[in-house]
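Please look over the sequence and the model below before reading the briefing.

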Amino acid sequence: MLTVCANLAVGWPLVAPFALHGSLRSLRGHFPKVLLIAVLAALERNLTNSSLYKIGGSLKTALHGFNVIFTFLAAALFGADRVGASCLAHCSCSNNALLAMSLMLISGGSVVTAVVGDGIANGAHWSGDALGVMLQLASSLAYALKFTAAKLLLGGVEGTRLHPSRVSTMPPPSKL
């Protein structure tokens with residue numbers, strides 16, 4: 001609650017002049033999109049903080065590896081990542097061996113970090129129950145949906161065309 005009050009009292013006055021500098025039409029057009037992303041970010045933060053009441057820090061760290069997997073799956077399923085979608089739809093991840101390997105390395109690295117860091121070696125902070133694990137997995141899902149929504153709603157999907165106002169009239173930089 002303190003964060004909400006601080007953001008309203010300090011953040012709003014700092015950002016408002018920049019947001020209102022141009023026309024309000026642009027602000028009104030993007031407000032629902034930004035609001036959805038902000039709600040997903042708040043949901044992710046609240047779920048991950050709530051999970052700490054039920055699970056230890058090392059288990060939470062290990063479960064953060066699901067952020068990468070869930071983001072990959074959400075982006076592929078919702079059409080934000082065409083390479084991931086073709087990998088899942090055609091079961092042809094052999095063409096994307098580096099992608100598959102990086103998913104395994106990132107997910108495995110979080111578990112190794114938890115075990116070597118403050119985990120089993122120093123007194124088993126892996127304690128927790130199913131509710132804490134479910135809260136952390138829900139936080140990972142909110143994280144994945146946040147970045148997928150940002151890519152879909154605010155642009156950045158491969159192969160999409162930019163609005164003419166966003167295309168630069170400057171010549172490309174020299175390759176020399």
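Predicted model: local features only at pLDDT ≥ 70, side-chain atom pairs only at ≥ 80, totals over all residues.

Residues are numbered from 1 along each chain as its sequence is written, and side-chain values use heavy atoms, with hydrogens and water left out.

**Overall fold**
- The protein has seven helices and zero strands, where helices (H or I, at least four residues) and strands (E, at least two) are DSSP runs numbered from the N terminus.
- Of its 176 residues, 24% are buried (under 20% relative accessible area, 1.4 Å probe, protein chains only).
- Among contacts (heavy atoms within 4.5 Å) with a separation of 6 or more, 77% join residues 24 or more positions apart.

**Helices α4 and α5**
- Helix α4 (residues 65-78) packs against helix α5 (residues 82-89) at about 90 degrees, with axes 8 Å apart; axes are lines fitted to C-alpha atoms over the stretch in contact, and angles run from 0 to 180 degrees between N-to-C directions.
- The two helices, α4 and α5, are therefore roughly perpendicular (65 to 115 degrees).
- F72, L73 and A76 of α4 meet G84, A85 and L88 of α5.

**Residue S51**
- S51 belongs to helix α2 (residues 24-51).
- S51 counts as buried because its relative accessibility is 0%.
- Beyond neighbours within four places in sequence, S51 contacts K60, G132, L135 and Q136.

Methods
Buried < 20%, exposed > 50% of the residue type's maximum accessible area, 1.4 Å probe, protein only. Parallel < 35°, antiparallel > 145°, perpendicular 65-115°, else oblique.
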